[in-house]
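Have the structure open and follow along.

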Amino acid sequence: MAEIDKNSVGLVQTQIVRVVEPGEPLELECGRKLAPIDVAYETYGELNEQQDNAILICHALSGNAHVAGYNNPDDKKPGWWDNMVGPGKAIDTNKYFVICQNFLGGCSGTTGPSSINPATGKPYGLEFPIITISDMVKVQKLLLDNLGVKQLLAVIGGSIGGMQVLQWAIEYPDFVKAAIPVAAASHLGAQSVAFDAVGRNAILADANFSNSQYHGGKGPDKGLAIARMIGHITYLSEQTMRKKFGRQLRTAGDYSYDFNSEFAVETYLDHQGRSFVERFDANSYLYITKAADYFDLQKDYSSLKKAFENVAARVLIISFTSDWLFTPAQSKVMVEALAAANKDVSYCNIASRYGHDAFLLEPDVLGSFICCFLQTTHRPGTGQQQCSHYARNMQELSKYEQAHRARVDYKLIESLIEPNSTVLDVGCGNGQLLANLINDKNIKGAGIELNQELVLDCICRGLPIIQQDIEDGLSYHADKSFDYVILSQTIQTVKNPEKVFKDLLKAGKKVVVSFPNFANWRCRVQLLLLGKAPVTKKLPFNWHDSPNIHFLSLKDFDRFCKDSAAKVEKKLPLGKTRLSPVRFLPNLFAEQVIYVTSKQ
């Protein structure tokens, strides 16, 4: 047995409960009825006295209820997400009551096509009704009712599990406080459907498929293994495959000049196919992939915005940069639809080389995001202090971050914002300004930030934060969605300030812009006397490593506002330390400036 460490949930038992009795069948989305329905599940931790700490974890295609710990002392491996679930881990079983169940149609204890059909006394096989993600979620809700769970703190899942999370947030808005879909999508693209179709055809074409009634004899092992091999390729990234396998041969010799597996990647896929056949049912593979193919929120609700209309949960969407099965672009579409519907949504596209499998292989980074998001949902205001996975000090920023995110005095910007207003902070850094405004002015705030670590800072403050390059635009926000849009110390760093500024004027009733004044006397003197680009305390860069690509002055921005049909409502040129505006020759003596603008 593998050694059980102190952060493991230890030995756990998979339990099975009947949630649908023979006389009271469940009506499925396809129109057919199904009964009885048994559900296999595991629980970890304890439901607290307030009954507000329950978390449901939804597994992916090949997963099961065994998410953490060991079922047997002789087990060589723990549960499929053991690196995330347990005492002191990201999903901390000392704090939370965690439930994971094998979904409807699975083959690990829950009713599925390998279960006995009471009408025939044989396994259902293809007589099992076609199921959907919505059907899976309905059965999950029945289990929670059976367990006496009145509300979920969070629903979390990756891949197909993320689809279930989305369905939960839509179908049971009052039941779910937080939804965390990871590496998921609102529907599969044509390429993903194609991969599923090839996998199913490999199974159906296997001579041993026997019209699905292969139980008790030799099954469609070759077809299922091929399906798994095809699927597994989509879970990896090209970078991972190149680094792990390259064109390495299984042995050190030359080519064998036959059709046996000889490249390392071939033998790896052979192993994946063989091991999958030992633990999974071919019929379940057919039904689960079909359920994933049918999942389409746009089709079901006519648009994603309408699909998310009634969502009440805080939503954290996570994608991975190298995932080409459930792409970051697919996640971004969901994020924009939620933002357009004015929902509390956060998003990060985590940098990873592991492809789709990153949700299983990035426990530290992913764990920090999930840990902080859970904590700020469960106990608002205590995120960073209570999240053991988040070790970075929010004040310890690199020189680049300090200068790129250098802020004019927060109190001065804060004084410009009316209480109880709505605010979007673009390039919000670690979220300090938004946090101040929420605490002092009771604003409803949201942020946009590109740096992954700073996005995590905002998550740990409990702020809605979307990781985005502002140059991608804000078209998903309706006109005048916010009372104020803030762009602090950023306009000089973007490639297309004109486009960015117009987007901000469209999204906000007022736009607050601040930037360093490159016409300040110190900059002029350095250029005049030393003949080189200025390096100051506010601008501690050499010409080749500066984030600033536009060197504007107050006069430049005045002209820019006029050309952009923007009204300058207030202009506050600032000196080195004083909060009072510079009144004498501001274009010469101001080090930075704050503008309040609006669209004429």
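Predicted model: local features only at pLDDT ≥ 70, side-chain atom pairs only at ≥ 80, totals over all residues.

Start with the largest nonpolar core, which has 109 residues. Which of its residues touch the most other members? Those are Trp168, Phe308 and Phe557. Zoom in on Trp168 and skip its neighbours within four places in sequence: Trp168 is then in contact with Leu56, Cys58, Val137, Gln140, Lys141, Leu144, Leu152, Val155, Pro173, Phe175 and Val176. There's also a second, separate core, this one of 61 residues, and Val98, Ala154, Cys371 and Cys458 are among them.

Now for helix α20 (residues 554–563), whose axis comes within 11 Å of the axis of helix α18 (residues 497–507). The two axes cross at roughly 60°, so α18 and α20 are oblique to each other. The crossing of α18 past α20 is right-handed. On the α18 side, the contact is made by Pro497, Glu498 and Phe501, and on the α20 side by Phe557, Phe560 and Cys561. Sorted by class, that gives five nonpolar residues, one charged and no polar. Phe557 is a name you've already met, as one of the residues with the most contacts to other members of the largest core.

The other pair is helix α12 (residues 363–378) with helix α17 (residues 452–460), whose axes come within 8 Å and cross at roughly 25°. Because angles under 35 degrees count as roughly parallel, that is how α12 and α17 are described. From α12, the contact takes in Val365, Ser368, Phe369, Cys372, Phe373 and Thr376, while α17 brings Gln452, Val455, Leu456, Ile459 and Cys460.

Key: Residues numbered from 1 in each chain as written. Heavy atoms only, no water. Axes fitted to C-alpha atoms, helices over the stretch in contact; angles between N-to-C directions. Helix = DSSP H or I, 4+ residues; strand = E, 2+ residues; numbered from the N terminus. Parallel < 35°, antiparallel > 145°, perpendicular 65-115°, else oblique. Left-handed = near helix turned anticlockwise from the far one by under 90°. Contact = heavy atoms within 4.5 Å. Nonpolar A, V, L, I, M, F, W, Y, C, P; charged D, E, K, R; others polar. Core = buried A, V, L, I, M, F, W, Y, C linked by side-chain atoms within 4.5 Å. Buried < 20%, exposed > 50% of the residue type's maximum accessible area, 1.4 Å probe, protein only.
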